[in-house]
Amino acid sequence: MITRSSTLQGLVLPGILAGLLVVLPAFAQQAGGQAPAQPAAPPPAANPEAAKPMPSLQPQPTTVPGRPDIPNAEVNTMLRSIAPPPIPTPEDKLPIPQLKLPKGFKIEVFASGIANARTLRLGDKGTVFVSNRLLDKVYAIVDRNGRRETKVIASGLDRPNGLAFHKGTLYIAEGTKISKLERIEDNLTEPPKPVVVYDDLPNHQSHGWRYIGIGPDEKLYINVGAPCNICEPPATNAQIRRLNLDGSGAEIYAGGVRNSVGFDWHPVTKQFYFTEHGRDWLSEDLPEDELNRVTKPGQHFGFPYCHNGTFTDREMGWGRSCDEFEKPVALMGPHSAVLGMRFYTGKMFPSHYTNAIFIARHGSWNRTKKIGGDVVVVKLNKDGSVRSQEPFLTGFIQDNQYIGRPVDVQVMKDGSMLISDDYTGAVYRVTYGGEKIAKP
């Protein structure tokens, strides 16, 4: 029998409201990049105090010269108005009745009251870790005597969106650095202070939050988005970097990436797939967000010159050809804000979902008619190309308004799947078959 999650009274504190009053102005989910010179990796820091001070804010390019129709940074800020409610949605008000799944699947509330719940990671001992982007905390969801409890394990952080877990250590990617919490599942009651392992990341608000993962090669991968909507990015931006777990050996793994807030490795081929956001203010229907695949390190995926692998940018694409760059393996909808993704490696779902990619689409923010706000499943051919793209979890958009916004997915050891929702501050659990699910 699955128990109902406990309501997190201790998390809905004045600090949450205070934190939301100083949230970053960039509510949109976009990014990009290019891959020229390799960034130098600083020596690993032995402790938080050894990390260098936060670098100064990287300037954000405004409108392209001669094109006043393209909104500048100030206009973007005013339009980015899809902010989450100031406090998490109470558990009994979560939109479970409106959410739809294929036949045979069920959904329940796994945890609630987690303001701005973002990236999900699973520990070796079953702990579910949850990050923030707009606030400063990292949470742990644990099972205590048949009831789930959520506790803060780190706070006072800078945009701690990215999480990765490896051999007992939780890695946290903040705006300008990566830290780690060693043996964290053994010390959830009194968690250690984060130890900085890498602090050579540019500081920028536009696409300035990070997503990290640990690959089959036991290296850290981290996105560095473009500091603009469309521009010639600095050499340090618009890329995905790869580095050793101790922070050494940083290199550019993929360039021309406007912004990626989700990636994973194919369970069989070990190839790297990642989601990417297309630019804004070209049209409501172009370009589309993308699903990309890296087949060898150093490939360039087109930003800012080419979009969707088919057409050059009207400002930055003059004299360039899309044939110069890697093409996406799938288009994911215009401005749909594709975020977290995972290959399904569990045994609970029907076999045709095995090794398929589940992708959370956060939803568009500046289209007249919103799209996204769902979880889609992308099924692949044996050669890694895309065979189909299908809706999986829908219903987060009602009457062209959001009642929730999915961010990340996480496959559990029993084969069920967790889905985070930063708009309501909840984590949902999806199961298949005859297993009984507690009513929320």
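**A loop lysine and what lies around the chain**

Reply: Lys103 is found in the loop that runs between helix 2 (73-79) and strand 1 (105-111). The model is a predicted one, and what follows should be read with that in mind. Lys103 counts as exposed because its relative accessible area is 83%, where over 50% is the cut-off for that word. Although Lys103 and Tyr432 are 329 residues apart along the chain, their C-alpha atoms are separated by 8.9 Å.

Four strands make up an open sheet, in the order 1-29-28-27, with antiparallel pairing. Strand 1 and strand 27 (406-411) are the edge strands, each of them pairing on one side only. On average, and with direction ignored, neighbouring strands of this sheet are turned by 25° against each other. As a general point, strands of a sheet pair through backbone hydrogen bonds, either parallel or antiparallel.

Lys370 has its place in the loop between strand 22 (357-361) and strand 23 (374-380). Lys370 is buried, yet it has no salt bridge, and Glu284, the nearest side chain of opposite charge, is 9.5 Å away. Leaving aside the neighbours within four places in sequence, the residues in contact with Lys370 are Ile82, Ser364, Ile397, Asn400 and Tyr402.

The cysteines complete this look. A search of the whole structure finds two disulfides, and with bonded cysteines counted along the chain they follow the pattern 1-2, 3-4. In one of them, Cys228 and Cys231 have their sulfur atoms 2.0 Å apart, and the torsion about the S-S bond is about -70°, so this disulfide is left-handed. Cys228 counts as buried because its relative accessibility is 1%, and Cys231 is likewise buried, with a relative accessible area of 7%.

Cys306 and Cys322 form a disulfide as well, with sulfur atoms 2.1 Å apart; with 110° about the S-S bond, their link is right-handed. This pair links distant parts of the chain, 16 residues apart, with Cys306 in strand 18 (residues 306-307) and Cys322 in the loop between strand 19 (311-312) and strand 20 (330-334). Both Cys306 and Cys322 are buried.

Notes:
Residues numbered from 1 in each chain as written. Predicted model: local features only at pLDDT ≥ 70, side-chain atom pairs only at ≥ 80, totals over all residues. Heavy atoms only, no water. Helix = DSSP H or I, 4+ residues; strand = E, 2+ residues; numbered from the N terminus. Buried < 20%, exposed > 50% of the residue type's maximum accessible area, 1.4 Å probe, protein only. Pairing = 2+ DSSP bridges. Axes fitted to C-alpha atoms, helices over the stretch in contact; angles between N-to-C directions. Lys, Arg positive; Asp, Glu negative; His and termini not counted. Salt bridge = Lys/Arg side-chain N within 4 Å of Asp/Glu carboxyl O. Contact = heavy atoms within 4.5 Å. Disulfide = S-S within 2.5 Å.
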